[in-house]
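Dear colleague,

I am handing over the structure below, and my notes on it follow directly after. Please read them alongside the model.

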Amino acid sequence: MKFGHLLIMCAAATATVLVAGCGKDKSGGMEPTISVVDVSLDRISATLDIGEKTTLLAVVTPDEATDKSVVWSSDDPSVASVDESGEVTALTVGTATITATTNDGGKTAGCLVTVVNSANLDDFGTLSIPASNIFDVHNATEWSDAVAAIDGGGNDNNYIINIVEDLSLPGTNAFTFGAATGIRVSIRGERTIGLSSVGNLLIGVYADQTVILREVNLEGLTDNDSPLVFIQGGEFIMRSGNVLNNRGGGVYVNYGGSFTMTGGEISGNGANSYGGGVYVGACDFAKTGPSIIYGNTFSIHVPGDKNNTVISAAGGKGHAVFVYDSNKYRDATAGEGDDMSWNTGAGTWTGFEN
């Protein structure tokens, strides 16, 4: 009997050795470890705008693998970063490969992430701007250097000026980028460019030039008799940002110039001989598309979602001051969704309330 008892004990000990390192199944028995064979991602490429996020999904096979965990990595985290759950964040223009690596077996799968700046497509019709045509501006000297490079860079080129720090500039009494033709300059950044000298402009746009404002605040002086932006034959596009607090008016559009405002605000500007928010000469002015000015017939459309806050004169009255010749003025208040216009030929006003 003792012998038989010993046999049973030995068999149990032997069984324990044979299944070492295995887990138990649902019935309490032992089951073997199932190794990872492969890993793939739910996509092999992705295109993201700066600041955009997306989450990649790693698919580990076989589905019954014991350890299906992965480690995420980016070969260029300055372009696109990834966290432990596979969420990718686009940071700067460029490409980065996001890789999932299995903890079991070191199997890998990658996704090529291309980061673009959609603002470039809006402003230039292309995503690609040469690095030599992009200027990061921290101070007045770097602003002057960027302006000189654009002025001397030839015709038909695209440029970006990133305003990195607030600037105080003396301004100019001429056209900012000289006489270069066919150029498009996008000025960007959540910063303020302030005018430091009276009698000057901050931005002067010449014939066949386009200057685009994104997020930047242009701020004037309470004793400055010149407008902040002067457009003659060129085009000024205001996508966002502000034109603020200048006695000489905000935007002066003259001699075939064009002003398109799709966002931002013009406010706190004086109503002297250059008008208040916008002075209109022989030009085109488009506010979010539907209202265009031709010659001396001009109109402005106030979109319903802005409710009279887009353009206002000094004192926050919620109106625009229009000047239709050198010494006649009209304070205009538009209702929600209204068109406002003055026709010099007919001598009539349409859509205005005093």
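In this predicted model, alanine 80 has alanine 90, in strand 9, as its bridge partner; strands here are DSSP runs of E with at least two residues, helices are DSSP runs of H or I with at least four, and both are numbered from the N terminus. Strand 9 covers residues 87-90 and is joined to strand 8 by 3 bridges, the two running antiparallel; strands are said to pair if DSSP finds at least two bridges between them. Both belong to an open sheet of 3 strands in the order 5-9-8, in which the pairing is antiparallel. Strand 5 (53-55) and strand 8 (80-82) each have a single partner strand, so one side of each lacks a neighbour in the sheet. On average, and with direction ignored, neighbouring strands of this sheet are turned by 20° against each other, the angles being taken between N-to-C directions on a scale from 0 to 180 degrees, with axes as lines fitted to C-alpha atoms.

Threonine 55 lies in strand 5, and because its relative accessibility is 43%, threonine 55 counts as partly exposed (buried means under 20% relative accessible area, exposed over 50%, and partly exposed in between, with a 1.4 Å probe and protein chains only). Leaving aside residues up to four places away in sequence, threonine 55 touches Asp42, Arg43, Ser85, Gly86 and Glu87, where contact means heavy atoms within 4.5 Å.

A second open sheet is built from 4 strands in the order 4-11-10-7, with mixed pairing. Its edges are strand 4 (45-49) and strand 7 (70-74), each of which pairs on one side only, and the twist from one strand to the next averages 25°. Within this sheet, strand 10 (residues 94-102) and strand 11 (residues 108-116) pair in the antiparallel sense over 8 bridges, and threonine 99 has glycine 110 of strand 11 as its bridge partner.

As for the protein chain as a whole, there are 3 helices and 33 strands, and 40% of its 354 residues are buried. Of the contacts between residues at least 6 apart in sequence, 63% join residues at least 24 apart.

Residues are numbered from 1 along each chain as its sequence is written, and side-chain values use heavy atoms, with hydrogens and water left out. As the model is predicted, local features need pLDDT of at least 70 and side-chain atom pairs count only at pLDDT 80 or more, whereas totals for chains, interfaces and linings use all residues.

With kind regards
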